[in-house]
Amino acid sequence: MSAILSTDDLNDFIAPGVACIKPIETLPAAAPPSSSSSSLETEVILDGDARSASAAPPPPPAEISLTDCLACSGCVTSAEAVLVSLQSHAEVLATLDAAPALRVLPPGPGGARYTVQGLEHDNAKLLVASVSPQTRASLAAACGPGVSPARAGRMLESLLRGPAGLPGGGRHGSGFAWVVDTNPARAMTHVLSADETHPHVLPHLSRVKSPQALAGTLLKTSLGRALGIPPHRIWHLAVMPCLDKKLEASRAELTDEAWAAAAAPHADGRRRPVRDVDCVITSKEVLMLAESRGLDFFQLARAPGPPPAAPFPDPTLHKFLFQQPSAPAHRAAGSSGGLLYHILQARAAQTPGAAVRVIQGRNADVVEYVVTVAGSGEAAVPVFKAARYYGFRNIQNLVRRLKPARPSRMPGGRPFGSSSARRPGGGGGASSLEYGYVEVMACPGGCTNGGGQIKVDDAVVRERRGGGGGVSDKPGPQEQKAWLAEVDEAYFSGDEGGEVDGLPRGDEVLGISHAYIHDTLAYWSDMTGIDLQKLAFTTYREVISDVGKGTEVERVVQLAGKIGGGW
């Protein structure tokens with residue numbers, strides 16, 4: 001957490017505040033001047049202009065993308081500050097109109113393989129989409145009473161696949177072949193993350209891919225293998241509640257370079273990384289997507305539904321993606337997917353008689369959890385401690401607690417914060433345990449309150465509720481709180497729960513069978529011929545900013561190192 005973040009930062013927007021070197025990341029044609037004041041730095045300011053920090057000629061106009069902003073820590077910014085056309089509903093429309101979408105035909109009687117039509121068009125893609133449960137909850141709340149998240153999900157599928165939706169217009173009448181739920185991928189994330197919490201396995205950040213990233217990798221690898229098409233012919237759209245998921249999709253670690261043994265070049269002969277997630281749009285952008293084609297999303301409930309999708313070309317994965325009912329959402333798990341809560345329950349399930357104790361923090365977005373085991377004739381013994389911190393203010397407080405102790409300057413003095421920083425309260429019991437796992441989310445209230453969700457002050461919500469357009473009609477904090485409660489109620493409605501026939505029941509944690517998930521993961525790896533470590537896990541790299549630091553020679557050396565594959 002940067003020191004730039006203060007306790008006054010309560011939302012997810014932090015404007016650029018320091019110099020950005022991305023526009024001049026090129027090797028100089030001539031030796032740099034010897035003067036130390038000639039170091040060329042370009043500052044990005046709020047109105048989009050750029051100005052040179054020296055008298056040297058200005059650099060060419062900057063074109064900063066999401067990927068660029070992930071390569072430099074010189075700017076502290078949130079996704080709202082760097083939205084570009086490559087991650088928007090406009091990109092969805094451009095892809096639909098670029099060429100007729102590839103069509104997948106199931107094998108006929110006696111046939112053994114699916115047929116893909118349209119490969120003769122170089123720009124034609126097989127369109128697939130994944131949808132988060134928080135998005136369905138947001139759309140359901142916007143639709144009003146009587147519309148469940150499941151029904152809102154069917155309306156979204158009608159928009160993406162049905163004749164009354166996007167396929168009914170556009171240049172080619174293209175639509176999406178499959179629309180999958182991210183809940184199956186979320187179950188994979190839960191199980192793999194629970195496995196990661198064993199002692200000495202997880203030193204810092206979890207390497208398990210998010211449900212969005214896992215869904216993208218699963219779709220591109222399995223469809224590519226089953227249909228015999230390269231990953232760049234598969235275009236994956238993710239519909240998410242958070243604007244920062246656009247940034248996640250732009251990470252270089254989440255491309256086919258991480259899992260493809262030998263990727264083929266594109267039609268132009270150049271080898272470019274293929275993203276596991278090509279485009280991310282938010283819940284709010286779903287409405288913008290429909291409006292761009294002259295459609296009213298809320299009328300899709302009365303329109304004819306989409307035709308039945310072709311069976312997924314792999315029967316095992318078809319069952320996993322489309323025939324496995326989602327585990328019901330538990331309120332105690334929060335609205336961000338329940339990853340931490342699943343880990344706690346899995347940890348408790350390892351020890352007979354263990355229980356999870358919940359300790360409410362100073363506000364609703366800070367909660368501590370302790371797994372305890374009953375001792376023989378004594379009080380319960382804490383064995384595992386975790387917490388969740390939502391919102392920037394709470395995250396900053398967490399980071400302050402986790403900072404290493406500073407050495408004392410006094411002879412014989414104790415380090416400052418050596419015991420209290422990580423072990424609040426001191427003494428024995430749960431207060432003496434360090435956190436074994438912490439779930440951090442930027443948005444207060446969790447993912448149902450993501451920056452890309454439909455808000456109570458959005459025009460579409462105000463119109464459907466009979467509100468006017470005056471300034472005095474702007475909803476206040478209480479109205480916003482009530483709206484978020486409606487979205488949460490939709491998210492926790494539990495209309496997607498149910499029994500999973502034929503699956504083992506003995507190893508379930510919160511409705512998820514770990515054995516079934518492990519079997520599916522193993523099958524996926526065998527089916528694609530790719531090691532599971534490459535499919536389900538990601539990597540991290542240190543990001544270092546040279547803004548305002550070092551000499552021009554050091555800057556050139558660093559830039560030269562990026563030529564061979566850096567960003």
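Which four strands form an open sheet, in what order, and is the pairing parallel, antiparallel or mixed? Walk me through that part, then tell me about the rest around it.

Author: Happy to. Keep in mind that you're looking at a predicted model. The open sheet runs in the order E9-E10-E11-E12, and its pairing is mixed. Its edges are strand E9 (354–360) and strand E12 (437–441), each of which pairs on one side only. If you ignore direction, neighbouring strands here are turned by 15° against each other on average.

Now zoom in on E12 and its partner. Strand E11 (residues 381–390) pairs with E12 in the parallel sense, over five bridges.

Helix H11 (residues 392–402) lies across E10, E11 and E12, and it runs at about 135° to E11.

So much for the sheet; now the nonpolar cores. In general, nonpolar side chains in soluble globular proteins tend to be buried together. Here, the largest nonpolar core has 42 residues. Among those with the most contacts inside this core are Val 92, Leu 156, Leu 159 and Phe 297. Several elements give two or more residues to it, including helix H2 (89–98), strand E5 (126–131), strand E7 (234–240) and helix H13 (477–491). The most comes from H3, with six residues.

Phe 176 is another of the residues with the most contacts inside that core, and it's a handy one to centre your view on. Leaving out residues up to four places away in sequence, Phe 176 touches Val 92 and Leu 96, then Leu 127, Val 128 and Ala 129, and also Leu 160, Arg 161, Trp 235 and Leu 237. There's a second, separate core too: it has 41 residues, and Val 180, Val 208, Leu 223 and Leu 227 are in it.

Finally, the wider setting. The protein has 16 helices and 14 strands, and 44% of its 567 residues are buried. Of the contacts with a separation of 6 or more, 71% come from residues 24 or more positions apart.

How values were computed
Residues are numbered from 1 along each chain as its sequence is written. This is a predicted model: local features need pLDDT of at least 70, side-chain atom pairs count only at pLDDT 80 or more; totals for chains, interfaces and linings use all residues. Side-chain values use heavy atoms; hydrogens and water are left out. A nonpolar core is a set of buried Ala, Val, Leu, Ile, Met, Phe, Trp, Tyr and Cys residues joined through side-chain atoms within 4.5 Å. Buried means under 20% relative accessible area, exposed over 50%, partly exposed in between (1.4 Å probe, protein chains only). Contact means heavy atoms within 4.5 Å. Two strands pair if DSSP finds at least two bridges between them. Axes are lines fitted to C-alpha atoms, for helices over the stretch in contact, and angles run from 0 to 180 degrees between N-to-C directions.
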